[in-house]
Amino acid sequence: RQQPRDPVDPVLNLLTGSTRDVSVTFTEATNMAAAPSPDGERIAFTAQGALWIVAASGGTATRISNWNVEPTAPVWSPDGSLIAFQTYTTGGNYHLWTIAPDGSDPVELTTGYYDDREPAWTPDGRTLVFASDRSNDGQYKIWGYEIASGRYFPLTKGPGAESNPVVSPDGSQIAFVDTGKVYTAPFSGTAAPTLVGDGLAPQWKPDGSGLLYQATSRSLTTGGEPFASGEDLFPFPVRFLSDGRFLYTADGKLKLR
């Protein structure tokens, strides 16, 4: 279900002539990224170059993003008032944006000729952490961005291709990926990272006791025996609901376990 066209949208082309509207219904998609709202009532997901909201119980999704952005990697703020995402921009590479769940007030947060991607919120909702090449050394490290002040600050220092940061439930640690291996490190950035194992797309367990991530076999694991094997997992972190279940995307669908 597409929102009405915004009259201030830029003109996409100069073609003239007769037109007709066509409706397309899709029930599966490739490489969807999805996240549940903090209250577990709604799911934000990306598909067909747009950001959508659907009830957690299922139904028809509503598109909330406009044509001037192509969102992916959505994450809800802890209070449910905003959804952060990455989108490609002509002024850099990927930048981070936020938008209200009803599609209002889209705001570009990060700027400059940098590649800012894979946002995650701190538990207090004041800061986004993300992967970026802002260090100007040709490497990707984990950075923080304070929403209120607009301040950028580095969280890691080592060389590599770091990605997919997530913050522990108590805000004291981050987990991230570097060249196919999952690491944890203090949020303060004062200690060397600790290797967890081979994999990608980590997510902290709700009690902070460990991580759930994708193993190199493309199955999910907590560091022990893999599970959810045999599914075509999309390369995004699982997202936990308040009732202990988690949401993930695989086989073209939104799935709960």
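How much accessible surface does the protein chain have, and what share of it belongs to carbon and sulfur atoms? The accessible surface comes to about 13100 Å², and 50% of it belongs to carbon and sulfur atoms. Accessible areas here come from the Shrake-Rupley method with a 1.4 Å probe, and for residues only the protein chains shown count as cover.

This is a predicted model, in which local features need pLDDT of at least 70 and side-chain atom pairs count only at pLDDT 80 or more, while totals for chains, interfaces and linings use all residues. Residues are numbered from 1 along each chain as its sequence is written, and side-chain values use heavy atoms, with hydrogens and water left out.

**Stop 1: the whole chain**

The secondary structure comes to zero helices and 22 strands. Both kinds of element are DSSP runs numbered from the N terminus: helices are H or I with at least four residues, and strands are E with at least two. The radius of gyration of the chain is 18 Å, close to the 18 Å that the globule rule gives for 257 residues, so the chain is as compact as a globular protein of that length. That radius is taken over C-alpha atoms, and the globule rule is 2.2 Å times the number of residues to the power 0.38.

Now switch to the C-alpha trace, which spans about 60 × 40 × 30 Å along its principal axes. Of the 257 residues, 47% count as buried. Buried means under 20% relative accessible area, exposed means over 50%, and partly exposed is in between (1.4 Å probe, protein chains only). Among contacts with a separation of 6 or more, 32% are made by residues 24 or more positions apart; a contact means heavy atoms within 4.5 Å.

**Stop 2: the second largest pocket**

Select Trp76, Pro78, Trp121, Gln203 and Phe240. Of the 24 residues that line the second largest pocket, these are the closest to its centre. About 710 Å³ of space lies in this pocket.

On a 1 Å grid over the protein atoms alone, a cavity is a set of points where a 1.4 Å probe fits but cannot get out, whereas a pocket is an open set with protein on both sides within 12 Å along at least five of seven lines; lining residues have an atom within 4 Å of a point. Grid points are joined across faces, edges and corners, and a volume is the space filled by probe spheres set on the points.

Which elements give two or more residues to the lining? They are strands E1 (34-36), E5 (72-76), E9 (116-121), E13 (162-167), E17 (200-204) and E20 (239-240). By class, the lining has 16 nonpolar, six polar and two charged residues. Ala, Val, Leu, Ile, Met, Phe, Trp, Tyr, Cys and Pro count as nonpolar, Asp, Glu, Lys and Arg as charged, and the others, Gly among them, as polar.

**Stop 3: Pro38**

Select Pro38, in the loop between E1 and strand E2 (42-47). Pro38 is partly exposed, at 38% relative accessible area. Beyond its neighbours within four places in sequence, Pro38 is in contact with Trp76, Ser77, Pro78, Asp79, Gly80 and Ser242.

**Stop 4: before E1**

Select Phe26, which is in the segment before E1. Its relative accessible area is 30%, so Phe26 is partly exposed. Not counting residues up to four places away in sequence, Phe26 touches Ala47, Gln48 and Trp52. Next select Thr27, also in the segment before E1. Is Thr27 buried or exposed? Thr27 is exposed, with a relative accessible area of 70%.

**Stop 5: Ala175**

Select Ala175 in strand E14 (residues 173-178). Ala175 has 0% relative accessibility and counts as buried. Leaving aside neighbours within four places in sequence, its contacts are Asn164, Pro165, Val166, Tyr183, Thr184, Pro202, Trp204 and Leu211.

**Stop 6: two positive phi values**

Most residues other than glycine have a negative phi. Select Thr179, where phi is near 45 degrees, a positive value. Thr179 is in the loop between E14 and strand E15 (181-186), and is exposed at 61% relative accessible area. Finish with Asp251, where phi is near 55 degrees, again positive. Asp251 is in the loop between strand E21 (246-250) and strand E22 (253-256), and at 32% relative accessibility counts as partly exposed.
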